[in-house]
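This report describes the structure shown below, beginning with a pairing of helices and ending with the chain as a whole.

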Amino acid sequence: MLSMISSRKKAVIAAGVVMGLGASVLVMPVVLRPSHAAVAVFDAENIAKAIEMVAHTLNIQNLNLDQLILQKINMKQLPDETKEKLDQHDQEAKKGRDWANSSNATENADILKKMGLSPSILNKTTTPADILKNQMGDLGKIFKQGEVPVMHEMAQNNAKALDASFVDAATAAQGIQKSDDAISKSVDEAVKAAANAEGDMQVQQSLVALSAANVRATENSNHLLAQLVATQSQKGYADNLEKAAVEQLEEVSRQKLTEWVKNW
């Protein structure tokens, strides 16, 4: 049976035997005989218990060693090269959707006006109300105050304001396209890392990268939706403004015609 035990265990058991022998010597009393030297009495039960204790200790050590190895695997992080790629793709996705690089989106509205230009509907230095009422015209002045706008001036203001918003919308769409491309690369890299993960830590890092990509994609969708709604709102306002101006001109014409008929 001992031949089936590894050399390491044999050594440990041998040590246990020695310990057992030593324990038996200490436990068992020494019998003195007048005509003979003292003889140590060996206790087989003590030896067996010592071997059992050593074997149990060896099992605990092996279990602890396995747990440490598993813990080390679980704590192993993604390779630096993979993490750098994921971070690079994330930064590209964030930069790609940042349509604020467009001068019309960030330039001060007053400066644009002095240049003969109009801010876009989502210009960061102004508000939609400023664009619609100040740049294009106030519907309240037409209906409540009865003002008659100069049609060609109103048409020019509408065209400039809409043009600025359309340019920003196109710029935003192009930026989102580049951002989505970076997000796609990030997702591919994260999925690959998850498939080749060694331990819980690498799996968690891969999931975090996928979650970040999902957040970027949601941001892109929300941004495009906001741009679309804002631009459509401005287009609708311009159409409504021109319709109101035409109606007011027709009303003024009817009033003048009525007065002319009365005085004729």
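## Contacts between H3 and H9

In this predicted model, helix H3 meets helix H9 through Lys83, Leu86, Asp90, Ala93 and Lys94. The residues of H9 that take part in these contacts are Gln205, Ala209, Ala212 and Arg216. H3 covers residues 80-96, and its axis comes within 10 Å of that of H9.

The two axes cross at roughly 10°. The helices therefore count as roughly parallel, because angles under 35 degrees are placed in that class.

## A nonpolar patch on the surface

Helix H9 spans residues 200-263 and includes Val261. Together with Leu257, Trp260 and Trp264, Val261 forms a nonpolar patch on the surface. The accessible area of these residues together is about 560 Å².

Is Val261 buried, exposed or partly exposed? Its relative accessibility is 49%, so Val261 counts as partly exposed; the exposed class requires a value over 50%.

## The chain as a whole

The chain contains nine helices and two strands. In sequence order, these elements follow the pattern α-β-β-α-α-α-α-α-α-α-α.

Of the 264 residues in the chain, 27% count as buried. The chain exposes about 17500 Å², of which carbon and sulfur atoms supply 58%. Among contacts between residues at least 6 apart in sequence, 69% join residues at least 24 apart.

Definitions and conventions. Residues are numbered from 1 along each chain as its sequence is written. This is a predicted model: local features need pLDDT of at least 70, side-chain atom pairs count only at pLDDT 80 or more; totals for chains, interfaces and linings use all residues. Side-chain values use heavy atoms; hydrogens and water are left out. Patches are made of residues with over 30% relative accessible area and no salt bridge: like charges are joined within 9 Å, nonpolar side chains (Val, Leu, Ile, Met, Phe, Trp, Tyr) within 5 Å. Accessible areas come from the Shrake-Rupley method with a 1.4 Å probe; for residues, only the protein chains shown count as cover. A salt bridge is a side-chain nitrogen of Lys or Arg within 4 Å of a carboxyl oxygen of Asp or Glu. Helices (H or I, at least four residues) and strands (E, at least two) are DSSP runs, numbered from the N terminus. Buried means under 20% relative accessible area, exposed over 50%, partly exposed in between (1.4 Å probe, protein chains only). Axes are lines fitted to C-alpha atoms, for helices over the stretch in contact, and angles run from 0 to 180 degrees between N-to-C directions. Angles under 35 degrees count as roughly parallel, over 145 as roughly antiparallel, 65 to 115 as roughly perpendicular and the rest as oblique. Contact means heavy atoms within 4.5 Å.
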